[in-house]
Amino acid sequence: MKFHVPLLVALLALPVSAAIAQGKVVAPSPSTLASLDLYDQPGAAVAVRQVSVAEAGLPLVIQSTKTGFHQVAIGGQNYWLRGLQVRISRDSTASCGTASQSALNATIATPGAGKDACK
Amino acid sequence: MPANNLSARPWRTLQTGALALALTLLVGCETMPKGMPSLPFLTPAVPVSPVAALPPPVARTWPDSAQDVLNQRARGFGLVNAPELQRYLNGVYARIKTQAGVGNWPGGVHILASDALQAYATGAGNIYISMPWLTSAQSEDELAALLSHEFGHVYLHYHELEGAVQSADTVTGWVALGVGVARKTAQATGWNEVDSLMTAYTLGRGLVTTVYGRSQESAADNFGLNISLKLGYSYEHGMKAFLERQASWEEDNEQREQARNEQMLKTIRQQAMDNAARQNPKAGNNAVSQSLAQSSGEFSGNLGAALQQMAFDLNKVSAKVKSEHPPIVERIDALGVAVAPFPDLQASKEPVSMPLQKALQDRRTAALLANYALAFKVINAPKEPKSLELARKSASGPTAAHAVPLFALYTMLNAQPAVAGRQKPDPGQVLEANFLSEPDRAWKTYQERSRRLQEGRQTAAAKKVMDQGLGYFQNAEEAWPEAIRFYGEAQGWDEAKRMAQNCGKNFRRVSARCTQAATSPAEQETAERKTKEKSDQIAKKLFKTP
């Protein structure tokens, strides 16, 4: 029975990785970064090449994600980008329906995690 | 003359004038918060290393946590009663507090009944996050980062600021005069159509609060990074993901606002052309006249559209100037710089996902989230053919007495009167299910029910609902302004003024709003006339306008 556990863990991890592969790479991070390191596989220690941000063709659709690396196509070829080197657009289930129904007064609290984006 | 040329001068005039005026009034004002120069964040903040020890907590007197929760229940649609999900969130919050060395501090996590991406903390130690954060966050790393950021506001004792900002609000009297002057100046320069633009008051108060807010957010980001990393969560899936999601949400909304603005410009142009055509009915038989009328309409439409565009641009500038939050990208960059010296903190690792997934898959929680998703869908599109079915389902099972699903059903029945006719003669009755369930009660439902009954001249029934609502929410300051307005209309403005006095004594923060709510329509008209006369006089003196 023991040898099944890693397999189970791996299977459980699969949907997580797939779920994380949402969104697009929209910018370098930090935003002042001029070029991106391209890797031939996730987890690689050394980049196979670099591409300038201007030539990378942002935004890039993320094809898959694995342990801190995102697979994208640049110039017709697949590469892996380090998650820390890029900013990703991330979906949310949010909308502004309730905000339009109830104009909130300025909160008595400190400002929250971000500005109130519903106008 | 192209419309955009028309815009240049007044745009600058108003912007510069209002800004200068606001600054002048604020700088010279004795009611500026006395404590401002001594507040720590008015000096440039030194970023805290993500691995450093935290500064020791500041001793404080805690506001009553239960009253704080009641107050939040009186805002918007209130809170979602979801005990299982809150238990999970409070578990994460408890670990954050313990890591910070203040495990015994009060406060818990509560869920806002809002479909927007919202999160904030209060001085009572409570953290409020909206449902979309829970259904959008991809891992516990991200939620823990969000909670750590919010707890940063509590720990760093920035809630003292609430008092300072409230004091700053007392400059309203001075700045309101500035608004009048700005408007008069605007009229002199042809800007009378843009009264709703950025006002001196908005600018002035915004500038006062900006200095606090931006430093606060940066400090809370650093605090959140520090705590979440020490708890073993990753930077990439935690703080970075949380800020990236916030950034995407704000960008989406900006695009939506832009699209709405463009649609408005189109409508303004069309309306102006239609008006021109109506005002020149004889032009129909004469090609030259017709052409002139059309040109006149186009000119008027372009002028109106240009003014609207300026309003949009100016509002954006205003929002940027007074935003309490530094641009999100700057915040992500700052945290990237903070972790850069520590390769271990940048090591790629898998996010912690299972506990969050397990919490969301809890049977009651899953049903509750699904029903809220349906309710939000109906509120956003109440006229859709399937809305009745969706709304009914949303207001069933664990959410049968929750305010948002009931409001979705109510909204749908109002939007489709034909369906409403078959269902219930009075759609507002559906809201009453919320009154019967104590933990689910929201002030919003009492307000809406009493308002509609009052509009239908059922004053006794309306008053009964309001009496019940205020009886329950009487310790919630947020409930009072609306209640005062209601009683003013229902029982006379003397009663409203008496209530406003009590409100001012008990709830300093909403005192001005209570006084305003107790102003009768006739008094409002007189006040507006007097303000206009006064501002006219000052504008004449200052700007030598005729």
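This briefing walks through the strands of chains A and B and how they pair. The model is predicted. Chain A holds two helices and eight strands, and along the sequence these run α-β-β-β-β-β-β-β-β-α.

**Chain A overall**
- Of the 119 residues in chain A, 34% are buried.
- Among the chain A contacts with a separation of 6 or more, 55% link residues 24 or more positions apart.

**The open sheet in chain A**
- Three strands of chain A line up in the order β4-β1-β8 as an open sheet, with antiparallel pairing.
- Strands β4 (60-61) and β8 (86-88) of chain A are at the edges with a single partner strand each, so one side of each has no neighbour in the sheet.
- Strand β1 of chain A covers residues 24-28 and pairs with β4(A) in the antiparallel sense, over two bridges.
- Val25(A) has Leu60(A) in β4(A) as its bridge partner.

**Strand β2 of chain B and its partners**
- Where do the side chains of this strand end up? Strand β2 of chain B (residues 109-112) is covered on both faces: Val109(B) and Ile111(B) are buried on one side, while His110(B) and Leu112(B) are buried on the other.
- With strand β1 of chain B (residues 79-80), β2(B) forms an antiparallel pairing over two bridges.
- Leu112(B), buried in β2(B), is the bridge partner of Leu79(B).
- With strand β4 of chain B (residues 127-130), β2(B) pairs in the parallel sense over four bridges.
- Opposite Tyr128(B) in β4(B) stands His110(B), another of the buried residues of β2(B).

Terms used
Residues are numbered from 1 along each chain as its sequence is written. Chains are lettered from A and ligands numbered from 1 in the order in which they are written. This is a predicted model: local features need pLDDT of at least 70, side-chain atom pairs count only at pLDDT 80 or more; totals for chains, interfaces and linings use all residues. A residue is buried if 20 or more other C-beta atoms lie within 10 Å of its own, exposed if 12 or fewer, and partly exposed in between; C-beta atoms are placed from the backbone. Two residues are in contact if their C-beta atoms, placed from the backbone, lie within 7 Å. Two strands pair if DSSP finds at least two bridges between them.
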